Amino acid sequence: QVQLVESGGGLVQPGGSLRLSCVASGSIFSMYVMGWYRQIPGKQRELVATVFSDGSTNYGASVKGRFTISRDKDKNTVYLQMNNLKPEDTAVYYCNGDGTDYKDGPRWNYWGQGTQVTVSS
């Protein structure tokens, strides 16, 4: 069993910044991908950013140039630095992790419980 716990959400004014953190714990041998997704009520969950074990990253089109994902592999932690926030960034942000319990073991995928980010004046 793996747990992902997010922190860092809150209320911020347009143009402001927030940093989200997500710590993965439990039976983890290797984390292949960690990432952030977001969801607005009534809409599908969408990709924000992912970071792979080799350090490569992928961003959703709406956040490119404003958000930066990073990862501490030793701590199984992923961060999302969000700058120049806009009201349309308001959503629940979910952490996601994809990995294995042991070498060459089956892949699993887990979600965190989500953290609310509200951008409003």
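**Reading the sheet**

Reply: Val-2 stands opposite Gly-26 in S3. This is a predicted model, where local features need pLDDT of at least 70, side-chain atom pairs count only at pLDDT 80 or more, and totals for chains, interfaces and linings use all residues. Residues are numbered from 1 along each chain as its sequence is written, and side-chain values use heavy atoms, with hydrogens and water left out.

Me: How many helices and strands does the protein chain have?

Reply: Helices (H or I, at least four residues) and strands (E, at least two) are DSSP runs, numbered from the N terminus. Here there are zero helices and eleven strands.

Me: In which sense do S1 and S3 pair?

Reply: Strands of a sheet pair through backbone hydrogen bonds, either parallel or antiparallel. Two strands count as paired if DSSP finds at least two bridges between them. S1 and S3 (residues 18–26) are antiparallel, over six bridges.

Me: In what order do the four strands of the open sheet run?

Reply: The order is S1-S3-S8-S7, with antiparallel pairing. S1 (2–7) and S7 (67–72) are the edges; each has a single partner strand, so one side of each lacks a neighbour in the sheet.

Me: What radius of gyration does the protein chain have?

Reply: The radius is taken over C-alpha atoms, and the globule rule is 2.2 Å times the number of residues to the power 0.38. For 121 residues, a compact globule would come near 14 Å; the protein chain has 14 Å, which agrees. Along its principal axes, the C-alpha trace spans about 50 × 25 × 25 Å.

Me: What share of the residues is buried?

Reply: Buried means under 20% relative accessible area (1.4 Å probe, protein chains only). Buried residues make up 43% of the 121 in the protein chain.

Note on methods:
Buried means under 20% relative accessible area, exposed over 50%, partly exposed in between (1.4 Å probe, protein chains only).
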